[in-house]
Amino acid sequence: MTSHIPYLELHTSNMKLITIAIDGHSSCGKSTMAKDLAKEIGYIYIDTGAMYRAVTLYSLQHGLITDAGINEEALRQEMSDIMITFQLNVETGRPDTYLNGVCVEKEIRTMEVSKYVSPIATLGFVREAMVDLQRLMGEAKGVIMDGRDIGTVVFPDAELKVFVTASVDVRAQRRYDELTAKGEKCSLDEIRANVIERDRIDSTRAISPLRQADDAIVLDNSNMTIPEQKAWLLEQYRRVASE
């Protein structure tokens, strides 16, 4: 698998280049915070969750996920056929996810993909491939990554680590609002159940479980607006990058 990120020249300033790792539970707004900060400071944003979602979408498209479960051996054999890239969307100013050359930014955000992404992400060979790719993307610093294991596994030496959390009800409502705004029919109860199940899988999986890094700063954004979160994260970046 390869990734190409042909956008965003890093801003030159007296700030040192650092790696920013943002981990946390699903639907906490990690991606929104990370994307906004990357645009503000000229860093490259890498949505690691989108990478796992792309693998999940590929599996669904190729019949590797059925009522019987995930065909792990077939997916293992086909991992080399999965190419994940990011390209800047000039209208939004944010990167879109491409799967084998096709933009799948909308398709990977559906409830169907959300239902299976955590089980796919528990597979060791999938995580190994994604982590290798993520480390390659971030080796030059000046990057912001969000996910479940960025500060604990992918970049344990990241200069700034943030662990984001929020209540289940708040996260479910945010996800519901996001999906309905896109015109997707969904049930708030179903989404809430999915959030709880994803928390369980992410936190108890044997490989790279979701956990707070010892040196991470915790942000509970249950009662924060997006501008408040953006301002808070920018302050943390300035503090660390100017040290």
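Modeller: The expected span of a helix is 1.5 Å times one less than its number of residues. Helices (H or I, at least four residues) and strands (E, at least two) are DSSP runs, numbered from the N terminus. This is a predicted model: local features need pLDDT of at least 70, side-chain atom pairs count only at pLDDT 80 or more, and totals for chains, interfaces and linings use all residues. Residues are numbered from 1 along each chain as its sequence is written, and side-chain values use heavy atoms, with hydrogens and water left out.

Biologist: How far apart are the end C-alpha atoms of helix 1?

Modeller: They are 17 Å apart. Helix 1 covers residues 30-41, which is 12 residues, so it should span 16 Å, and the two values agree.

Biologist: Which residues of helix 1 are buried?

Modeller: Buried means under 20% relative accessible area, exposed over 50%, and partly exposed in between (1.4 Å probe, protein chains only). In helix 1 the buried residues are Lys30, Met33, Ala34, Lys35, Asp36, Leu37, Ala38 and Ile41. For reading such a list, an α-helix has 3.6 residues a turn, so residues three or four places apart point the same way.

Biologist: What follows helix 1?

Modeller: Glycine 42 does, and its phi is positive, near 80°.

Biologist: Which residues have a positive phi although they are not glycine?

Modeller: Asparagine 100 is one of them, with a phi of about 50°. It sits in the loop between strand 6 (94-99) and strand 7 (102-103). Its relative accessible area is 35%, so asparagine 100 is partly exposed. Lysine 141 is another, with a phi of about 65°. Its loop runs between helix 5 (124-138) and strand 8 (143-147). At 34% relative accessibility, lysine 141 is also partly exposed.

Biologist: Now the rings. How many aromatic pairs are there?

Modeller: Rings of Phe, Tyr and Trp (its six-membered ring) pair if their centres lie within 6.5 Å; planes under 30 degrees apart are stacked, over 60 edge-to-face, and the rest tilted. The count here is one. Tyrosine 43 and tyrosine 237 form an edge-to-face pair, 5.7 Å centre to centre, with 75° between the planes. The pair links distant parts of the chain, 194 residues apart. Tyrosine 43 is in the loop between helix 1 and strand 2 (44-47), and tyrosine 237 is in helix 9 (residues 226-241).

Biologist: Are tyrosine 43 and tyrosine 237 buried or exposed?

Modeller: Both are buried.

Biologist: Which other residues of helix 9 are buried, and what covers them?

Modeller: Besides Tyr237, the buried residues are Gln229, Trp232, Leu233, Leu234, Gln236, Val240 and Ala241. Contact means heavy atoms within 4.5 Å. The cover includes strand 1 (19-24), helix 1, strand 9 (160-165), helix 7 and strand 10 (217-220). Take glutamine 236: at 10% relative accessibility, it counts as buried. Leaving aside neighbours within four places in sequence, glutamine 236 is in contact with Leu160 and Ile217. As for length, the 16 residues of helix 9 should span 22 Å, and the end C-alpha atoms are 22 Å apart, which agrees.

Biologist: Where does arginine 175 lie, and what is it in contact with?

Modeller: Arginine 175 is in helix 7 (residues 168-181). Its relative accessibility is 6%, so arginine 175 counts as buried. Beyond neighbours within four places in sequence, its contacts are Ser27, Arg53, Arg109, Thr110, Ser114 and Ile191. Valine 170 is also placed in helix 7. At 22% relative accessibility, valine 170 counts as partly exposed.

Biologist: How should I read two helices together?

Modeller: Two packed helices are described by the angle between their axes and the distance between the axes. Axes are lines fitted to C-alpha atoms, for helices over the stretch in contact, and angles run from 0 to 180 degrees between N-to-C directions. Here, the axes of helix 2 (residues 48-61) and helix 4 (residues 111-121) come within 8 Å and cross at roughly 105°. That makes helix 2 roughly perpendicular to helix 4. Angles under 35 degrees count as roughly parallel, over 145 as roughly antiparallel, 65 to 115 as roughly perpendicular and the rest as oblique.

Biologist: Which residues of helix 2 and helix 4 meet?

Modeller: Helix 2 brings Tyr52, Arg53, Val55, Thr56, Leu57, Ser59 and Leu60. Helix 4 brings Glu112, Val113, Ser114, Tyr116, Val117, Ile120 and Ala121. By class, this contact has nine nonpolar, three polar and two charged residues. Ala, Val, Leu, Ile, Met, Phe, Trp, Tyr, Cys and Pro count as nonpolar, Asp, Glu, Lys and Arg as charged, and the others, Gly among them, as polar.

Biologist: What does threonine 48 touch?

Modeller: Threonine 48 is in helix 2. Not counting residues up to four places away in sequence, threonine 48 touches Gln134, Met145, Asp146, Gly147 and Ile150. At 2% relative accessibility, threonine 48 counts as buried.
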